[in-house]
Each structure stands twice: as C-alpha cells, then as structure tokens.
Amino acid sequence: MDDAGTVLENADVLVVDDRVAAVGAALDVPDGTFEIDATGGIVMPGMIDTHRHMWQTAMRGYGADWTLTQYFVWYYLEHGKVFRPQDVHAGNLVSAWDALEAGVTTTVDWSHGLQSVDHAEAAVDALQAVPGRFVLAYGNIQAAPWEWTADKSVQSFLERRRTGAGDMLGFQLAFDVTGDPEFPERAAFEVARELGLPVTTHAGVWGATNDAGIKLMHENGFMTPENVYVHAATLEPDSYHRIAATGGSISVSTESEQSAGQGYPPTWQVRRHDIPVSLSMDTSVWWSGDLFSAMRTTLGADRSREHLEAHIKGDTVTNVHLRAEHVVQWATRGGAAALGRDDLGSLQPGKKADVVLIKNDASPVSFPLLNPYGHIAFQAQRGDVHTVLVDGRVVKYQHRLVGADLAAVRGQVQDTVEYLRSTLGADAWAGGMNPDLPHDEVLDNPYQYTAYKSDSTHQARGSVFGLTADDGS
C-alpha cells in the first residue's frame, strides 16, 4: 500500500509511537516490542470515510425502507429539529465506536444537525471521547448556510475547538448549493475562506442539487482542491469537467445512491473524467457503518452499469475497468487525499500509524488467502477485523474494542430512542419507520394452466407438477 501499490508477503510492520517506523521482512525491532501475530492475515492502512451523518446513528436501521424524499421530510421538515444536544452526542458516540470496530480509523462527521452551538459542543465532545481520528463537518439543516455561518458564536466555536485539537480532530463546513441564480451561498463560502476551512457539499443529488450549483461555485471562484462533492450522481459532463479542472474529489456512497435515489452511483462516469474518489457510507439510519459494504457495492454498481451499457449496444464486456484494488485504494488513500492528509492512507515509513489487521482464524472465509485486494473487497467483513491502531494506539485487539464502555453508550442511545419515541408519539414513530407500501401492478399473464383431456397425459404431468384429480381430491 505504497505509491506503487506494493503487496508484501511474510513482512513486518513496525510501529514506534504514532508512526510507521519500518515495513519489510524480518525487521530488527527494539527489545520489549509488543508483537501482534498477523500470520494468515492482511495488514492494511486504516480506512477513511469521507461522509457519515454520525448524529443519526442512535436511530440505526429506523429508515431502512425510506426514499430520499422521506428522509428529507423526516429530518429536514418534521422531526430533525427535536434532537437535543445529548441526542447528537449519543449518535456520535455510538457511531465513532462503530467506525473503529470496522477498521475505519478516520471518519468525517457530516454533522448537519447542529442547530445550536450547544449541539456542536456535544458532537465534538463525543468525538474526542473516542480514540479515533475525526473531522467535524459543521452543518445545520434547520437554517440557511448564509445564516448560520454568519453567526459569530458558530465562528467562535470553530476557532476555539480547533485550537489545540491536534491532528486527531479536523474541521470542515458542510452545506449544499441549491442552484439559486442569486447564489446566496456565496456568504457561506466567504466565511469558509476566512476561517481557512474546506467545504464539503452534497452535489448532484436528484431533485435537490444539480449542475446549476456547480456552475455557480465555479464561476464565482469557490471550487478548490479542498472541496469534497458528495454523491455527484446526477451531474452532466460539464460539471464533472469543472470538478476535474479545479482538483476537487468526489465522495461516493454507493449503498445510499442505489437505495435512496440520489442517482446511479457515479463511478462509471467519474473514472472517465479522472476525478479522485473516496468512499463513504452516509447514514446508519439506513445502511451499514463499514466500508467493506461500500467497497463491495461500489464494485457491483460500477460493473453492473458497464455490462448494461454494453448490452444496450449489443456488446459484451470481457474485461472490467473497476478492480478490487481500486476500491481498496479509494477506501484508504482516496480518503486521505480528499482530506489533504498525505500522512494517512498507506503503510510507509514516516506515515501515521493508522493500521488494520484483517485476520479471523475461526472463520473458514479466512483461507485460502490468494488475492488480498479481492479478499478485502469481496470476502472480508467487520467481524474479521482483528486489530486496529489509530495514531499508534491499539483501539481494537483480538476482535474486541479496547476501552469502550458499550454499556454506558447503550444507555445514552436508549435514552435518545425513548425521548424521540415519546416526543413523536406512537403513531408518528411507527409511521416513520413503516412508510406506506405502493401498490404493484401485476401484469396479465397470457399463459394459463388448462384442463387436461387425456387421463394418461393428466397422470403423467400430475406426477411432475403435483396436480389434483378431476374430482378435486
């Protein structure tokens, strides 16, 4: 996992303090070095999620049958406003441990539930209570971005919490550009520039953000290499050209795009424009909290579209373009590049020691281990994460989190669930979780079973199909 994509067999990784000190075979190590036996496993860089609404994790699985419209109505218009600071804290806390347990060592908390500075304080307190690496992308869906970014208390919070945070906690601004010709978001971009913060934005989302927003950002000089464009699934080639020309990157959330309706997962288009890609899982109110699923579904969506486009033309794909190695790179180095962290995402001397060991001797899926990229992308899952190091610190070992008081976390999450359930009321709570099922029209079938004239035919076919006798017995 260096610049050349090298795969080493029977090699060691030496970590000293917070850095990778050496990588190679039969390393000489200082006396007293703690050894973790990785035989039969895969040592890889920690994975990086560039877009996760962590504050929603206390509602894990609640919106499994939602569309994007139902998500918007529930959070933006109806019930998102009832979340208290402690509810944001509970969601962030469980999500942060969730990420580490799955080998995600750096997570961007796309925190658009920060309707007050108290909510933001609670969000950061939760992140700093967990030994992972995080980026708070400050957002507020209950107010316009040009309003909340102008709030001096918000600006003060960002400056204050950045001070002394070190490299374990970063900050972004998170808001969307609707395409209004007046470009009211200009003021929010100017605040981001004044504060020296990158902007992450949901771009190319069906019915919400589109090419007009990209054009406004570009023509007004607010597209930079630090911008992360989330989803980017419904854009025209002109928008992809603008993103590519300005050095931005795209965060693909394939599980989300496939299910919610932002648009078809865009990697099949993005790779033709040579735009850097990172992966993300979006929100656990719907989907899984790990990047194994993100890698797997991204490969499936891209290859499915490649086959479909070829079949429409009467062609056959004989060699797929997107490979397992590519999505593993996106889940590691791609995320590091999107965050401007050249010290993350690879296993090289001098890099930060964010390291994951995939190893599960109790599982028949752990062997044979032939193609490490293919194994990570298609075979591995969170239960196979044996050890996780963040900044040189062991945070998971022998399949168990280190230092996590999950009973206390569970208690906080339960308090939030009970609060939301009681605040919404039983009917609204149940209705939100179980949206109406649309009627499916069943097509008329022109092929019908017919009566059999011949007893011999009846008996012969009855022996195969289990037909009853003429008298109904």
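This is a predicted model: local features need pLDDT of at least 70, side-chain atom pairs count only at pLDDT 80 or more; totals for chains, interfaces and linings use all residues.

**Stop 1: the chain start**

Select glycine 5. This residue sits in the segment before strand 1. Is glycine 5 buried or exposed? Glycine 5 has a relative accessible area of 14%, under the 20% cut-off, so it counts as buried. Now show what surrounds it. Beyond residues up to four places away in sequence, glycine 5 touches Glu325, Gln329 and Tyr373. Glycine 5 and glutamine 329 are 8.6 Å apart in space, yet 324 residues apart in sequence.

**Stop 2: the largest pocket**

Next, colour strand 1 (12-16) and strand 3 (42-45), then strand 12, helix 13 and strand 13. Each of these elements supplies at least two residues of the lining of the largest pocket. Which element gives the largest share? Strand 1 does, with four residues. Colour the lining by class as well. You will find 27 nonpolar, eight polar and six charged residues in the lining of the largest pocket.

**Stop 3: the second largest pocket**

Move on to the second largest pocket, which holds about 480 Å³ of space. Select Phe72, Tyr76, Ile141, Asp176 and His202. Of the 31 residues lining the second largest pocket, these are the closest to its centre. Helix 1 (68-79) and helix 4 (145-148) are the elements that give two or more residues to this lining. Helix 1 gives the most, with five residues. By class, the lining of the second largest pocket has 16 nonpolar, 12 polar and three charged residues.

**Stop 4**

Nonpolar side chains tend to be buried together in soluble globular proteins. Select Tyr75 and Tyr138. Among the 103 residues of the largest nonpolar core, these two touch the most other members. Colour helix 2 (residues 85-101) too. Helix 2 gives the most to this core, with eight residues.

Stay on tyrosine 138 and show its contacts. Leaving aside neighbours within four places in sequence, they include Leu114, Val117, Trp148, Phe157 and Leu173. Then select Trp110, Ala174, Val230 and Leu339. They are among the 10 residues of a second, separate core.

**Stop 4: backbone details**

Select phenylalanine 367 and proline 368. What joins phenylalanine 367 and proline 368? A cis peptide bond, with omega at about -5°. Proline 368 is in the loop between strand 12 (355-358) and helix 13 (372-379).

Select phenylalanine 183, in the loop between strand 7 (169-174) and helix 6 (186-195). Phenylalanine 183 is not a glycine, but has a positive phi of about 50°. At 4% relative accessibility, phenylalanine 183 counts as buried.

Finish with aspartate 391, in the loop between strand 13 (385-390) and strand 14 (393-397). Aspartate 391 is not a glycine either, and has a positive phi of about 60°. With a relative accessible area of 21%, aspartate 391 is partly exposed.

Key
Residues are numbered from 1 along each chain as its sequence is written. Side-chain values use heavy atoms; hydrogens and water are left out. Buried means under 20% relative accessible area, exposed over 50%, partly exposed in between (1.4 Å probe, protein chains only). Ala, Val, Leu, Ile, Met, Phe, Trp, Tyr, Cys and Pro count as nonpolar, Asp, Glu, Lys and Arg as charged, and the others, Gly among them, as polar. On a 1 Å grid over the protein atoms alone, a cavity is a set of points where a 1.4 Å probe fits but cannot get out, and a pocket is an open set with protein on both sides within 12 Å along at least five of seven lines; lining residues have an atom within 4 Å of a point. Grid points are joined across faces, edges and corners, and a volume is the space filled by probe spheres set on the points. Contact means heavy atoms within 4.5 Å. A nonpolar core is a set of buried Ala, Val, Leu, Ile, Met, Phe, Trp, Tyr and Cys residues joined through side-chain atoms within 4.5 Å.
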